[in-house]
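Please look at the sequence and the model below before reading on.

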Amino acid sequence: MKIFTYSLLFIAVGLIIFNATLLDFKHLLNGNSLVALIGIVSAICAVLILLIFKISKSIAEKVNNQ
């Protein structure tokens, strides 16, 4: 499960970097820049969800070991 979580984190960070290269700061809310901005926000949400999942798994392991 750790490998799967880390691979999804790596893919999400890669998507953030890729979409950041597509941004046009002069026209941020038009065309491809809007799609890239939506992709960045969704990838950040995915990273946060995966980090919350990882923290909850570590808490569950600590509770089960007591």
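Asn-19 has its place in helix 1; helices here are DSSP runs of H or I with at least four residues, strands are runs of E with at least two, and both are numbered from the N terminus. This is a predicted model, in which local features need pLDDT of at least 70, side-chain atom pairs count only at pLDDT 80 or more, and totals for chains, interfaces and linings use all residues. Residues are numbered from 1 along each chain as its sequence is written, and side-chain values use heavy atoms, with hydrogens and water left out.

Is Asn-19 buried or exposed? Asn-19 has a relative accessible area of 11%, so the residue is buried. Buried means under 20% relative accessible area, exposed means over 50%, and partly exposed lies in between, with a 1.4 Å probe and protein chains only. If neighbours within four places in sequence are left aside, Asn-19 is in contact with Ala-36, Gly-39 and Ile-40. Contact means heavy atoms within 4.5 Å.

Gly-39 counts as buried because its relative accessibility is 16%. The C-alpha atoms of Gly-39 and Phe-18 are separated by 9.4 Å, although the two residues are 21 apart along the chain. Val-13, in helix 1, is 30 residues from Ala-43 in sequence, and their C-alpha atoms are 7.2 Å apart in space. Val-13 is partly exposed because its relative accessible area is 41%.

Now take helix 2 as a whole. Its buried residues are Ser-33, Ala-36, Gly-39, Ile-40, Ala-43, Val-47 and Leu-50, and helix 1 is included in what covers them. An α-helix has 3.6 residues a turn, so residues three or four places apart point the same way. Helix 2 has 34 residues and should span 50 Å at 1.5 Å a residue; its end C-alpha atoms are 49 Å apart, so the two values agree. The expected span is 1.5 Å times one less than the number of residues in the helix.

How many helices and strands are there in the protein? There are two helices and zero strands. His-27 lies in the loop between helix 1 and helix 2. This residue counts as partly exposed because its relative accessibility is 46%. His-27 is 17 residues from Ile-44 in sequence, and their C-alpha atoms are 22 Å apart in space.

The overall dimensions come next. The C-alpha atoms fill a box of roughly 55 × 20 × 10 Å along the principal axes. The protein has a radius of gyration of 16 Å, whereas a compact globule of 66 residues would have one near 11 Å. This radius is taken over C-alpha atoms, and the globule rule is 2.2 Å times the number of residues to the power 0.38. Buried residues make up 18% of the 66 residues.

The last topic is the surface. Met-1, Phe-4, Leu-8, Phe-10, Ile-11, Leu-15 and Phe-53 make a nonpolar surface patch of about 740 Å². Helix 1 (residues 2–21) gives the most to this patch, with five residues. Phe-53 is found in helix 2 (residues 32–65) and is partly exposed because its relative accessible area is 31%. Patches are made of residues with over 30% relative accessible area and no salt bridge; like charges are joined within 9 Å, and nonpolar side chains (Val, Leu, Ile, Met, Phe, Trp, Tyr) within 5 Å. A salt bridge is a side-chain nitrogen of Lys or Arg within 4 Å of a carboxyl oxygen of Asp or Glu. Accessible areas come from the Shrake-Rupley method with a 1.4 Å probe, and for residues only the protein chains shown count as cover.
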